[in-house]
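This briefing goes with the sequence and model shown below.

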Amino acid sequence: MLKIAYHPIFKHPLPEGHRFPMVKYELLPQQLLHEGTCTSENFYTPDFPQDEVILAAHDSIYYENLVQLNLKPSEVRKIGFPLSKELVQRERIIADGTLKGCEYALKHGIAMNIAGGTHHAYSNRGEAFCMLNDQAIGAQYLIDHKVGSKILIVDLDVHQGNGTAEIFQENEAVFTFSMHGRGNYPFKKETSDLDIPLEKGTSDKEYLSILKKTLPQLLEKVQPQFIFYLCGVDVVATDKLGTLGMSLEGCRERDRFVLQACRDNKIPVQCSMGGGYSPDIKTIVEAHANTFRLAQEIYF
């Protein structure tokens, strides 16, 4: 069975007019249930992970200041959300959704998180709506518990996974791959193990051609025992914060190719949703829903 992390805390209240579309975390599971892609049995409720699991990927002073709400105003501004106890609880629960998803993926081949993909969180700071790096925490957990000696992170969000790159910059057990918009935030990029910056307006054809050439080569080279897939839908042309020119169908084909490659190679995969900022919330929900539909189709 496809297992999906969801918690009501994912939809966090924000000030009126805030550009982050929190409502998608409520609408997406509703859509999946309404159309019959999922039933209530598919969803599991994450909780708070153990602090030591988070601290394996994050600096202890930063984490303590985050939990105690003692970040400097400048640090909070970089995160982009008003700091609160509930916000930090939300971030910890998202991380646990991905951690538990690792276990489900090892059992069923795949697991999903309705939220997550917080790849701008560095080991010692937060940025751009990210405070704790859920997939980095998950990857470090798998390594520390000897579940896998080689992890591949496939980050196809339109923004580079700068925090993920920094966390694993000296860790040979994790290979970080980021394919993103060259002109997108972050404007000062970190160095992933493989970065593919794409030009403004990159089309479905060009994007998919690069991906279909690159991913099989990576699987052959890295020989991963587990994959984390960050499947942000901010690659579509309508996205307010993206610079690429993909269609919904192109984004869907991207997900199909990645998930089919994981399935064909018998590599467990955990998927976190990442970004999506199109003006019409229906576009965001539809793009994300496609990923879950494909997971059901390909795996179950």
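**Briefing: cavity, pockets, sheet and backbone**

The structure holds one cavity of 30 Å³ or more. A cavity here is a set of points, on a 1 Å grid over the protein atoms alone, where a 1.4 Å probe fits but cannot get out. This is a predicted model, in which local features need pLDDT of at least 70 and side-chain atom pairs count only at pLDDT 80 or more, while totals for chains, interfaces and linings use all residues. Residues are numbered from 1 along each chain as its sequence is written, and side-chain values use heavy atoms, with hydrogens and water left out.

**Cavity**

- The largest cavity has a volume of about 50 Å³, where a volume is the space filled by probe spheres set on grid points joined across faces, edges and corners.
- Its lining consists of Ile153, Asp155, Gly161, Thr164, Ala165, Thr176, Phe177, Ser178 and Ser192; lining residues have an atom within 4 Å of a point.
- β4, α7 (162–167) and β5 are the elements that give two or more residues to this lining. Helices (H or I, at least four residues) and strands (E, at least two) are DSSP runs, numbered from the N terminus.
- The most comes from β5, with three residues.
- By class, the cavity lining has three nonpolar, five polar and one charged residues. Ala, Val, Leu, Ile, Met, Phe, Trp, Tyr, Cys and Pro count as nonpolar, Asp, Glu, Lys and Arg as charged, and the others, Gly among them, as polar.

- The largest pocket holds about 400 Å³ of space. A pocket is an open set of points with protein on both sides within 12 Å along at least five of seven lines.
- Of the 30 residues lining the largest pocket, His120, Ala128, Phe129, His159 and Tyr277 are the closest to its centre.
- The elements that give two or more residues to the lining of the largest pocket are α4 (73–79) and α5 (85–108).
- This lining divides into 13 nonpolar, ten polar and seven charged residues.
- The second largest pocket holds about 230 Å³. Among its 15 lining residues, the closest to the centre are His18, Arg19, Phe20, Pro21 and Met22.
- The lining of the second largest pocket has ten nonpolar, three polar and two charged residues.

**Sheet**

- Eight strands form an open sheet with parallel pairing, in the order β2-β1-β3-β8-β7-β4-β5-β6. Two strands pair if DSSP finds at least two bridges between them.
- β2 and β6 (194–198) are the edge strands, and each pairs on one side only.
- Helix α8 (residues 204–222) packs on the sheet, touching β4, β5 (174–181), β6 and β7. Contact means heavy atoms within 4.5 Å.
- The direction of α8 makes about 175° with that of β5. Axes are lines fitted to C-alpha atoms, for helices over the stretch in contact, and angles run from 0 to 180 degrees between N-to-C directions.
- β4 (residues 151–155) and β7 (residues 226–230) run parallel and are joined by five bridges; isoleucine 153 stands opposite phenylalanine 228 in β7.
- Four bridges join β7 to β8, again in parallel, and leucine 230 stands opposite serine 272 in β8.
- Strand β3 (residues 110–113) pairs with β8 in the parallel sense over four bridges, with asparagine 113 opposite serine 272.
- Strand β8 (residues 269–272) is covered on both faces: Val269 and Cys271 on one side, and Gln270 and Ser272 on the other, are all buried. Buried means under 20% relative accessible area, exposed over 50%, and partly exposed in between (1.4 Å probe, protein chains only).

**Loops and backbone**

- Most residues other than glycine have a negative phi, and most peptide bonds are trans.
- Phenylalanine 129 has a positive phi of about 70°. It lies in the loop between β3 and α6 (134–144) and is buried, at 10% relative accessible area.
- Leucine 69 also has a positive phi, near 60°. Leucine 69 is in the loop between α3 (60–67) and α4 and is partly exposed, at 35%.
- Tyrosine 185 and proline 186 are joined by a cis peptide bond with omega about -5°; proline 186 sits in the loop between β5 and β6.
- Threonine 37, in the loop between α1 (24–35) and β2 (43–44), is buried at 16% relative accessible area.
- Neighbours within four places in sequence aside, threonine 37 is in contact with Leu32, Phe292, Arg293 and Gln296.
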